[in-house]
Amino acid sequence: MSTSMTRIAIVGAAGRMGTSLLLNGADRDDLHLVAAIVKPGEVDGDVIGPQQTPVADDLQFITEVDADVVIDFSTPASCIHAAQLCADAHIPFVSGTTGLDVAQLDVLVDLSRRISLLHSANFSVGVNLLAHLVERAARGFGESVDIEIFEAHHRHKVDAPSGTAKLLGHAAAQGRGVELDDVARWSREGHTGPRGSQEIGFQTLRGGDIVGEHTAYFCVDGERLELTHRATDRGIFARGALRAARWLSTRSPGNYKMADVIFGRNH
Ligand code: NAD
């Protein structure tokens, strides 16, 4: 049986995630990596990665290679620029870039009226299952529980708390029936006073080569539940993004979530 081939362009191809996408996308008979967009001066030569993917340093190139879908792991500014180019050219768009502000996230929602679009702070199946468990635990414990989200990442990470920590915070808030922005405690320092009963707190650690660790704590008098995910290889994010890209490439316009890819649209 022949498999249809999905043509993929990568934005941020010279970065840690871009490199992992080039490696994990090679040797697959269902994927063809047709363009690798990098920053000017970042790469010597015209091709990159095991598939000898053509390199360009101009985002506009993603609209010139007949791509079925674009995958972006870069920076918030280039994510938004790439998404706008994709919307104008009617190309589905997957992004894992974190650190987008509310206005930038709103732009993506807006563009998803014109193309199929999936922005996820975490493409691992395990983390998306964790988010479901966190939502259920928050629902089960009800209002009496103190919820704290801990995350740890490598020393190069530039945003905090991680997009995944926020994703878990949103899941916890949803389980409790509140908006995260109304209850989030992003950090603590000095004379903080006692903990607010509705707070969802965030703790951050940065160091070494930690790929990504997240724990949701549910603390009540007399017991504590800890739900933890540890990533040891960023290949899980790359493989998840490639899976999402193939899935998204045939969807009609809309704003999709990784859970839609894993569990189906009406999970
Ligand atoms: P990185 O710094 O190693 O790579 C980012 C790359 O994007 C760099 O090479 C940079 O030069 C490039 N870039 C910036 N602007 C560009 C442009 N206009 N055109 C082309 N390339 C451009 O970072 P990373 O570790 O690969 O992470 C990238 C992003 O993905 C971060 O926001 C990170 O938090 C996020 N991330 C998400 C997941 C997930 O599952 N969603 C997993 C890991 C990392």
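Figure 1. Asn122 is buried, because its relative accessible area of 4% falls under 20%. The structure shown is a predicted model. Asn122 belongs to the loop that runs between β7 (116-119) and α4 (125-141). Two contacts of the Asn122 side chain are shown. In one of them, a polar atom of the Asn122 side chain lies 2.8 Å from the backbone nitrogen of Ser124. In the other, the side chains of Asn122 and Thr164 are joined by a polar contact of 2.9 Å.

Figure 2. The ligand is surrounded by 22 residues, and the closest are Arg16, Met17, Glu42, Gly96 and Thr98. By residue class, the shell comprises eight nonpolar, ten polar and four charged residues.

**Figure 3. Polar atom pairs between protein and ligand.** At Glu42, a polar side-chain atom is placed 2.5 Å from an oxygen atom of the ligand. At Ala121, a backbone N or O atom lies 3.1 Å from a nitrogen atom of the ligand. At Phe123, a backbone N or O atom is 3.0 Å from an oxygen atom of the ligand. The ligand taken alone exposes 860 Å², of which the protein buries 82%.

Figure 4. Asp101 is located in the loop between β6 (93-95) and α3 (102-111). Asp101 counts as partly exposed, because its relative accessible area of 41% lies between the limits of 20% and 50%. A polar atom of the Asp101 side chain lies 3.2 Å from the backbone nitrogen of Ala103. Asp101 and Pro76 are separated by 25 residues in sequence, and their C-alpha atoms are 8.2 Å apart in space.

**Figure 5. Val107 on helix α3.** Val107 is a residue of helix α3. With a relative accessible area of 27%, Val107 is partly exposed. The C-alpha atoms of Val107 and Ala83 are 8.9 Å apart, while 24 residues separate the pair in sequence.

**Figure 6. The cis peptide bond at Pro161.** Ala160 and Pro161 are joined by a cis peptide bond, for which omega is about -10 degrees. Pro161 is found in the loop between β8 (146-153) and α5 (163-176).

**Figure 7. Asp66, a non-glycine residue with positive phi.** Although Asp66 is not a glycine, its phi is positive, at about 55 degrees. Asp66 is situated in the loop between β4 (53-56) and β5 (69-72). Asp66 is classed as exposed, because its relative accessibility of 59% is over 50%.

Figure 8. His90, a residue other than glycine, has a positive phi near 60 degrees. The loop that holds His90 runs between α2 (76-89) and β6. His90 is exposed, because its relative accessible area of 61% is over 50%.

How values were computed. Residues numbered from 1 in each chain as written. Predicted model: local features only at pLDDT ≥ 70, side-chain atom pairs only at ≥ 80, totals over all residues. Heavy atoms only, no water. Near = heavy atom within 4 Å. Polar contact = N/O pair within 3.5 Å; in protein donor to acceptor, adjacent residues only side chain to side chain. Areas by Shrake-Rupley, 256 points an atom, 1.4 Å probe, with all protein chains shown as cover. Nonpolar A, V, L, I, M, F, W, Y, C, P; charged D, E, K, R; others polar. Helix = DSSP H or I, 4+ residues; strand = E, 2+ residues; numbered from the N terminus. Buried < 20%, exposed > 50% of the residue type's maximum accessible area, 1.4 Å probe, protein only.
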